[in-house]
Amino acid sequence: MRTALLVALILPFLQGCGEKGRQNDQAVFDEGFQTYQVRGIIAQLPSDGPPPEDLKIHHEHIPDFIGKTGEVVRNSDGTPGMKSMVMPFPELGEGVSLEGLAPGDKVVFTLKVKWLESPSGERTPRWLVSALEPLPADAEISFENKLGPATPPENPTPEPAPADDGGP
Ligand SMILES: [Cu+2]
C-alpha cells in the first residue's frame, strides 16, 4: 500500500525530470508522421550533464522536408526542404544505440517528424531518431544545399482549356 503510494507520487516527478527531452510517450509517432533517411556527422553526443546535452548531428540537406503547411519547405533563397545544419536530436527511439560512436563519426539515420497542432492551431514539430547506423569513415558526406525542386511537381499546372466560344 505504501509502496504503491510512493510510486504514484514519484512517477510523475521522474517523468518530468528525466533525461532532457527523453519523453516516454512516443506513441505520437505511430501515425501521421514523415520519415527521412538522413546522413550526417555527429557533432555532440548526449550527456546527462550538468547541464544535460542533446545528441547533435550536422546533417546533410533534406530536400524533401515537409514543413508545417504540409508541403515541402521553400526557403527564401529557393532551396527546398531543410538545409544542412547542426541540429539537436533530443529524442531517440527504442533500440537506438550510440555506443562506440564519437563526435566526427559519420552516420545515417532515420528521422521521424510529427507536426503537432495546438488547440489554437499552432503547428510545432516533434522529431525522433528512430534508427541510426554508423557509416564508414570514407563515406561521402556533403553539406551542400541543392537548389531547385527536389522532385518535379506531381501535378503540373494544367494548360488553360481552349475557349470553346471562338474567343473574343
Ligand atoms: Cu535540421
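**Entry 1: ground rules**

I count helices (H or I, at least four residues) and strands (E, at least two) as DSSP runs, numbered from the N terminus. Pro50 is found in the loop between strand 1 and strand 2, and I come back to that loop below. I note that this is a predicted model, where local features need pLDDT of at least 70, side-chain atom pairs count only at pLDDT 80 or more, and totals for chains, interfaces and linings use all residues. Residues are numbered from 1 along each chain as its sequence is written.

**Entry 2: confidence**

I looked up pLDDT, the predictor's confidence in each residue, from 0 to 100. The mean for the protein is 83, and 73% of its residues reach 70 or more. Over residues 9-22 pLDDT stays under 50, and for this stretch the model has 10 contacts beyond four places in sequence. By contact I mean two residues whose C-beta atoms, placed from the backbone, lie within 7 Å.

**Entry 3: the overall layout**

I find 1 helix and 5 strands, and the pattern along the sequence is α-β-β-β-β-β. Among contacts between residues at least 6 apart in sequence, 65% join residues at least 24 apart.

In what order do the 5 strands of the open sheet lie? I read the order as 3-2-1-4-5, with antiparallel pairing. Strand 3 (85-89) and strand 5 are the edges with a single partner strand each, so one side of each has no neighbour in the sheet. Neighbouring strands are turned by 45 degrees against each other on average, direction ignored. For that angle, axes are lines fitted to C-alpha atoms, for helices over the stretch in contact, and angles run from 0 to 180 degrees between N-to-C directions.

I call two strands paired if DSSP finds at least two bridges between them.

- Strand 1 and strand 2 run antiparallel and are joined by 4 bridges. Gln44 has Lys56 in strand 2 as its bridge partner, and Gly40 stands opposite His59 in strand 2.
- Strand 1 and strand 4 pair in the antiparallel sense over 8 bridges. Here Thr35 stands opposite Lys112 in strand 4.
- Strand 4 and strand 5 pair in the antiparallel sense over 11 bridges. The bridge partner of Lys114 is Arg126 in strand 5.

The hairpin of strand 4 and strand 5 has 5 residues between the strands, and Gly121 takes a positive phi near 95 degrees there.

**Entry 4: back to the prolines**

Which peptide bond joins Gly49 and Pro50, cis or trans? I find a cis bond, with omega about 5 degrees. The bond from Pro50 to Pro51 is cis too, with omega near -10 degrees. Pro51 also has its place in the loop between strand 1 and strand 2.

**Entry 5: the core**

I count a residue as buried if 20 or more other C-beta atoms lie within 10 Å of its own, exposed if 12 or fewer, and partly exposed in between, with C-beta atoms placed from the backbone. Of the 168 residues of the protein, 14% count as buried.

A nonpolar core is a set of buried Ala, Val, Leu, Ile, Met, Phe, Trp, Tyr and Cys residues joined through C-beta atoms within 7 Å. The largest one here has 14 residues, and those with the most contacts inside it are Ile57, Val107, Phe109 and Val129. Strand 1 (34-44), strand 2 (55-59), strand 4 (106-117) and strand 5 (123-134) each supply at least two residues of this core.

I followed up Ile57. Leaving aside neighbours within four places in sequence, Ile57 is in contact with Gly40, Ile41, Ile42, Ala43, Met87, Phe89 and Val107.
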